[in-house]
Amino acid sequence: MEEKRITCEIVGDILNDRRAVDTDKRDYGTLLIFAGKEGMAGAAILAAKAALRSGVGLVKVATPKVNFPMLQIAVPEAICIEEEEAVELLKRQVQETSSNGKRTLFGISALAVGPGMGISERTKGILKEVVEFGRKNRDIPILIDADGLNAISASNDLQKEIGECNLIITPHKREAARLVEEAGSRKETCIALQSKYKGVSLLKGNETLITDGTSLWVNTTGNPGMATAGSGDVLTGIIGALLAQGKSPLEATCAGAFVHGKSGDIAAESYGERSLMAGDIIGGLPKAFKEIAG
């Protein structure tokens, strides 16, 4: 498989879509994020903030109602939705699409699932509905990370069905080990993930790897300080935002990984690797996007 390195020039070309003067927030997509359980509102906050800093027009966060006050204070730009309500909207969309062939979406252009959701029957149930939705709405990309991946690894049914979605998965090495049998090198593991689950697979780590089954991309940004709680939630928000803005799954994943790492490098210049926190990566996003744009 051809191996390529992600560069600033490549990402600049992907992100080269300047905003029109006469425009509206819905021109830049709506991202629905299923994230957070009680005691894990921070994961939802980090993903939502990162998405908004990455240019998406609107973020809707599906999370338990107990998390609403924290989200509305920390990210007032985001809209909170109860998980049950979001699931019912997905169910209705599946029913309407299957009965009349029309897309009557409730305004979403991409989904992200998993940050801070916990490993539970609740998470597995949500994943089932998301997968059912994704199978019948392949024009809507679905990014699955963190506990969403853990739910898939624990369900043979989900493992069989997930490949029918327009899918992006973003595991770290331990999550990857649950999703595929021992595959050897990191490169072999990334390829094995894509071969089993289709779509686009991203394997986190030093020189993050990305493949769509045709080519293998190697990220060239990032530092060890980014190995910290919440960093993956930030990556989910960045990639989800780019998907919602109409980038292809491969484009969004490659550009998102590069921007994430570059933001981490910018943050490390100020705080050092030891003191780096996930929120600092979000703080680096504006400068990262500006430098990439030239």
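Student: Which residues in H6 are buried?

Tutor: In this predicted model, the buried residues in H6 are Ala 146, Asp 147, Gly 148, Leu 149, Asn 150, Ala 151 and Ile 152.

Student: What makes H6 "mostly covered"?

Tutor: Count along the helix: seven of the eight residues of H6 are buried.

Student: Let's take one of them. Why is Ala 146 called buried?

Tutor: Set the value against the cut-off. Buried means under 20% relative accessible area. Ala 146 has 14% relative accessibility, so Ala 146 counts as buried. You will find Ala 146 in helix H6, which covers residues 146-153.

Student: Which value of phi does Lys 198 have?

Tutor: Lys 198, also not a glycine, has a positive phi of about 65°. Lys 198 sits in the loop between helix H9 (186-197) and strand E8 (200-203).

Student: How do you know whether Lys 198 is buried, exposed or partly exposed?

Tutor: Use the cut-offs again: under 20% is buried, over 50% is exposed, and anything in between is partly exposed. The relative accessible area of Lys 198 is 43%, so Lys 198 is partly exposed.

Student: Back to H6. What makes H5 roughly perpendicular to H6?

Tutor: The crossing angle decides. The axes of helix H5 (residues 121-136) and H6 come within 9 Å and cross at roughly 85°. Angles of 65 to 115 degrees count as roughly perpendicular, so H5 is roughly perpendicular to H6.

Student: Which residues meet where H5 and H6 touch?

Tutor: From H5 come Thr 123, Lys 124 and Leu 127, and they meet Asp 147, Gly 148, Ala 151 and Ile 152 in H6. By class, the residues of the H5 and H6 contact are three nonpolar, two polar and two charged.

Student: Why is H2 called roughly parallel to H12?

Tutor: The axes of H2 and H12 come within 10 Å, and they cross at roughly 5°. Angles under 35 degrees count as roughly parallel, so the label for H2 and H12 is roughly parallel.

Student: Which residues make the contact between H2 and H12?

Tutor: H2 brings Leu 46, Lys 49, Ala 50 and Arg 53, while H12 brings Ala 278, Gly 279, Ile 282, Leu 285, Pro 286 and Phe 289. The residues of the contact of H2 with H12 divide into seven nonpolar, one polar and two charged.

Student: Now the pockets. What is the volume of the largest pocket, and what lines it?

Tutor: The volume of the largest pocket is about 970 Å³. Its lining has 37 residues, and Lys 204, Met 226, Ala 227, Ser 231 and Gly 232 lie nearest the centre. Elements that give two or more residues to this lining are helix H2 (41-53), H6, helix H8 (173-179), helix H10 (231-244) and helix H11 (249-271).

Student: Which element gives the largest share of that lining?

Tutor: H10 does, with four residues. By class, the lining of the largest pocket has eleven nonpolar, 18 polar and eight charged residues.

Student: How many residues line the second largest pocket?

Tutor: The second largest pocket is lined by 16 residues, of which Leu 15, Asp 17, Arg 18, Phe 289 and Ala 293 lie nearest its centre. Its volume is about 510 Å³. Helix H12 (residues 278-293) gives the most to this lining, three residues. The lining of the second largest pocket divides into six nonpolar, five polar and five charged residues.

Student: Here is a pair to compare. How do you know whether Leu 32 and Thr 220 are buried or partly exposed?

Tutor: Leu 32 has a relative accessible area of 0%, so Leu 32 is buried. Thr 220 has 36%, so Thr 220 is partly exposed. Leu 32 is found in strand E2 (residues 30-34), and Thr 220 lies in the loop between strand E10 (215-218) and H10.

Student: Which residues does Thr 220 contact, leaving aside neighbours within four places in sequence?

Tutor: Thr 220 is in contact with Arg 5, Ile 6, Thr 7 and Phe 258.

Key. Residues numbered from 1 in each chain as written. Predicted model: local features only at pLDDT ≥ 70, side-chain atom pairs only at ≥ 80, totals over all residues. Heavy atoms only, no water. Buried < 20%, exposed > 50% of the residue type's maximum accessible area, 1.4 Å probe, protein only. 1 Å grid on protein atoms, 1.4 Å probe; cavity = no way out; pocket = protein on both sides within 12 Å on 5 of 7 lines; lining within 4 Å. Points joined across faces, edges and corners; volume = space filled by probe spheres on them. Nonpolar A, V, L, I, M, F, W, Y, C, P; charged D, E, K, R; others polar. Axes fitted to C-alpha atoms, helices over the stretch in contact; angles between N-to-C directions. Parallel < 35°, antiparallel > 145°, perpendicular 65-115°, else oblique. Contact = heavy atoms within 4.5 Å.
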